[in-house]
Amino acid sequence: MSQHLLLLLVILAISPIPGDSQDSALSPTPEEPEDLDCGRPEPSARIVGGSDAQPGSWPWQVSLQQSGGHICGGSLVAPSWVLSAAHCFVKNGTLEPATEWSVLLGVRSQDGLLDGAHVRAVAAILVPDNYSSVELGADLALLRLASPAQLGPAVRPVCLPRASHRFAHGAACWATGWGDIQEAEHLPLPWVLQEVELRLLGEDACQCLYSRPGPFNLTFQLLPGMLCAGYPGGRRDTCQGDSGGPLVCEEGGRWFQAGITSFGFGCGRRNRPGVFTAVAPYEAWIREQVIGSEPGPAFPTQSWEPQSGPWEPRDENCTIALPECGKAPRPETWPWEAQVMVPGSRPCHGALVSESWVLAPASCFLDPINSDGPPRDRDNWRVLLPSRPRAELVARLVLHENASWDDASDLALLQLRAPVNLSTAPRPVCLPHPEHYFLPRSRCRLALWGRGEPAPGPNSRLEAELLSGWWCHCLYGRQGASVPPPGDAPHALCPAYQEEEEAGRCWNYSHRSLLCQEEGTWFLAGISDLSSGCLRPRVFHPLQTHGPWISHVTGGAYLEDQLNWDWGPEGEETETRTCPPHTEHGACGLRPEPAVMGVLWPWLAEVHVAGDRVCTGILVAPGWVLAATHCVLRPGSTTVPYVEVYLGRAGDSPLPQGHQVTSAPPLLCLTKRRSWVLTGMALPGSRELFAAIGPEEAWISQTVGEAHFLPPSGYPHWPPEGSDLCPPDMASAPGSPQAAVFLLLLTPLMQG
Ligand code: 4AZ
């Protein structure tokens with residue numbers, strides 16, 4: 001503060017006697033006699049990435065309130081008139097009554113009123129006839145106050161631009177408001193007015209950014225009467241609650257309102273600048289509404305001659321900011337890989353999510369005996385990052401509030417004592433926004449997470465492919481549960497991957513993270529504690545639900561918009577679905593769509609009989625495989641030979657030499673609800689004739705207990721035309737031969 005005063009005195013001392021030029025810039029121009037002084041804060045006197053405004057610096061800023069709560073911003077343009085956004089007042093196509101609103105003037109902090117602060121009732125709300133929704137423009141409103149505002153140091157009107165006014169592209173302007181400071185994060189107490197410097201973007205530059213699909217695969221057409229301000233790299237922006245507030249630019253010592261905060265895709269996102277209603281094109285509409293009002297708003301002429309010609313330097317037309325996160329030059333080394341070294345325990349693997357923060361499982365730091373708090377010797381903790389000469393010190397540990405009882409929230413954030421310079425390495429991983437939809441078949445990898453150990457061999461960074469959301473949800477979900485559509489956070493992510501063949505048993509490492517790639521950029525998509533034993537596929541908890549918490553704690557993690565919306569030939573999978581019937585062990589008859597990584601038919605079993613014959617079995621319950629009698633028994637023989645059953649590899653590994661395939665595959669049919677039903681077993685020696693399985697229901701149920709039979713209503717509908725599955729006359733024909741089947745009870749076979 002003292003420095004500022006000093007600077008002011010020096011300038012006054014050395015500036016020439018106040019000259020004509022300065023005076024003319026500050027006073028009303030001759031063509032426009034103004035009786036209302038505008039756009040000048042007293043000289044002494046939801047924004048994302050902004051800072052607290054000084055008292056009195058934005059004296060036209062008002063808060064529009066309903067029932068005593070802040071809803072939108074606005075700007076005082078004349079003693080009895082406030083300019084704001086139409087969408088603040090129009091709900092479901094109808095204008096809300098003016099009596100519900102009040103206007104708070106002359107405030108900086110919403111919880112305590114300063115000198116000059118006062119409230120006015122609203123007499124009328126005026127909205128252009130052609131306003132319908134924010135994306136279609138004309139998002140402005142004029143509020144006539146029930147009585148004029150008291151002008152003073154804390155309450156002054158802003159200048160409005162004439163229709164001919166041109167604001168230079170690239171000009172540094174300011175947005176102000178009490179809106180959210182990040183997506184889904186309100187301005188904290190004491191609600192001090194926020195200000196942020198934003199650059200005006202040219203129409204072409206803005207249209208170019210919004211032509212690239214954003215959240216929900218949306219693009220947006222910028223219309224006349226709109227303008228954009230912000231940065232291709234994002235981070236500084238307006239947000240929810242700032243709507244209706246002003247975007248002002250200083251010209252010739254006066255502040256002109258260039259825009260009204262209207263909307264945007266999210267807040268502070270890369271390549272998603274804020275969209276504002278341009279004020280200048282609405283000069284005529286504003287003048288028409290305030291006719292007869294004395295004094296009305298001031299429209300001073302622009303103090304400099306707008307040059308003719310394009311406003312936009314050519315090379316600025318389409319500057320797309322590239323992601324700063326998630327780039328890995330070689331997938332063998334992750335530049336965000338962080339190892340947290342806590343004395344006395346094994347290293348804990350986490351991921352760098354910003355210059356100063358590492359995300360890791362909270363379970364690494366929770367003391368199982370003294371669960372009240374994390375270990376106290378944090379001074380001795382170290383974080384190892386790639387390409388850093390020395391280990392980093394840890395300043396703070398923030399545990400997720402549900403960390404100790406919810407595996408999906410087993411997360412902690414560690415703040416480094418000093419931020420690291422981001423380069424090729426270390427570089428943070430990208431985090432998904434809550435609405436991110438990782439497409440089925442996304443290319444992913446499993447990485448070390450928590451107190452994991454590198455898997456032996458070349459598979460230590462396992463490749464994986466994401467299975468469809470429907471399949472994953474239903475496999476572990478409930479019968480009849482509805483599957484979250486793209487855009488709603490999924491409950492689970494299921495990657496398919498090949499475990500090391502020779503192990504034959506599942507990993508015993510504790511945790512893994514799931515990294516998925518979109519257009520060459522890696523996202524941290526999920527985490528898993530792999531506690532689901534040997535179940536395949538293992539479920540990963542999606543990280544996207546934690547984006548807001550991570551943003552809140554770190555204030556600057558790299559959340560990145562979805563980069564890929566290419567569904568491929570399978571088409572969009574947007575229809576809401578419900579899950580098919582379940583056994584107590586999960587869904588039966590579900591087949592991943594599209595088929596991936598060899599798990600084409602997850603219930604198929606290779607039944608090896610007496611070391612040389614092979615036939616197909618069907619997993620009908622955990623521990624039970626159904627096979628045709630003729631496959632297991634030799635004709636005329638009644639002794640059961642030595643039988644081995646291989647699960648989860650049907651068809652994807654070559655058979656050993658000298659084996660013969662004994663029977664045709666069983667007949668499966670697809671039901672309306674997309675589960676597959678075992679309908680028939682091949683008859684001996686035939687590839688076309690099947691014996692119906694239905695009559696065996698009672699026997700199978702009794703023996704197995706847990707097998708699931710579909711009720712008759714769930715019975716197969718015939719697959720689409722052109723499909724050669726399930727010939728109806730054979731599968732359902734009355735009098736078809738009865739299936740002769742064996743049920744094989746499985747016992748685990750240990751491999752050397
Ligand atoms: C809103 O919801 C809103 N980042 C306002 C501005 C922006 C986004 C949303 C621009 O009021």
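The model is predicted. The chain has 752 residues, and 50% of them count as buried. Its secondary structure comes to 9 helices and 40 strands. The accessible surface is about 35000 Å², with 54% of that belonging to carbon and sulfur atoms.

**Disulfides**

- A search of the whole structure turns up 10 disulfides. Three of them are described here, among them the pair of Cys348 and Cys364.
- A disulfide is a covalent bond between the sulfur atoms of two cysteines.
- Cys348 and Cys364 have their sulfur atoms 2.0 Å apart. The S-S torsion of this pair is about 80°, so the link is right-handed. Cys348 sits in strand E17 (residues 348-352), while Cys364 sits in the loop between strand E18 (357-360) and strand E19 (382-384). The two cysteines are 16 residues apart, and the pair links distant parts of the chain. Both Cys348 and Cys364 are buried.
- Cys444 is joined to Cys516, with an S to S distance of 2.1 Å. The torsion about the S-S bond of Cys444 and Cys516 is about 100°, so this disulfide is right-handed. It links strand to strand: Cys444 is in E23 (residues 443-448) and Cys516 is in E26 (residues 512-518), 72 residues apart. Cys444 and Cys516 are both buried.
- Cys474 pairs with Cys579 at 2.3 Å, S to S. The link of Cys474 and Cys579 is left-handed, with -80° about the S-S bond.

**Ligand site**

- A ligand nitrogen lies 2.8 Å from a polar backbone atom of Thr238. A ligand nitrogen is also 3.0 Å from a polar backbone atom of Gly266.
- A side chain takes part too. An N or O atom in the side chain of Ser243 is 2.6 Å from an oxygen atom of the ligand.
- The ligand has 300 Å² of accessible area on its own, and the protein covers 86% of it.

**Helix H6**

- Helix H6 spans residues 547-554. Of its 8 residues, 6 are buried, so the helix is largely enclosed by the rest of the structure.
- Which residues of H6 are buried? Gly547, Trp549, Ile550, Ser551, Val553 and Thr554 are.
- Strands contribute to the cover over these residues. The covering elements include E18, strand E20 (392-399), strand E21 (412-416), strand E22 (431-432) and E29.

- Most residues other than glycine have a negative phi, and most peptide bonds are trans. The following sites depart from that pattern.
- Glu294 and Pro295 are joined by a cis peptide bond, with omega about -10°. Pro295 is in the loop between helix H4 (283-289) and strand E16 (337-341).
- The peptide bond from Ala425 to Pro426 is also cis, and its omega is near -5°. Pro426 is in the loop between E21 and E22. E21 and E22 are among the strands that cover the buried residues of H6.
- Trp191 has a positive phi, near 55°, though it is a residue other than glycine. Its place is the loop between strand E10 (172-177) and strand E11 (194-201). Trp191 counts as partly exposed because its relative accessibility is 37%.
- Ser387 is not a glycine, yet its phi is positive at about 60°. Ser387 lies in the loop between E19 and E20. Is Ser387 buried or exposed? With 61% relative accessibility, Ser387 counts as exposed.

Note on methods
Residues are numbered from 1 along each chain as its sequence is written. This is a predicted model: local features need pLDDT of at least 70, side-chain atom pairs count only at pLDDT 80 or more; totals for chains, interfaces and linings use all residues. Side-chain values use heavy atoms; hydrogens and water are left out. A disulfide is a pair of cysteine sulfur atoms within 2.5 Å. Helices (H or I, at least four residues) and strands (E, at least two) are DSSP runs, numbered from the N terminus. Buried means under 20% relative accessible area, exposed over 50%, partly exposed in between (1.4 Å probe, protein chains only). A polar contact is a pair of N or O atoms within 3.5 Å; within protein, one must be able to donate a hydrogen and the other to accept it, and residues adjacent in sequence count only if both atoms are side-chain atoms. Accessible areas come from the Shrake-Rupley method with a 1.4 Å probe; for residues, only the protein chains shown count as cover. Contact means heavy atoms within 4.5 Å.
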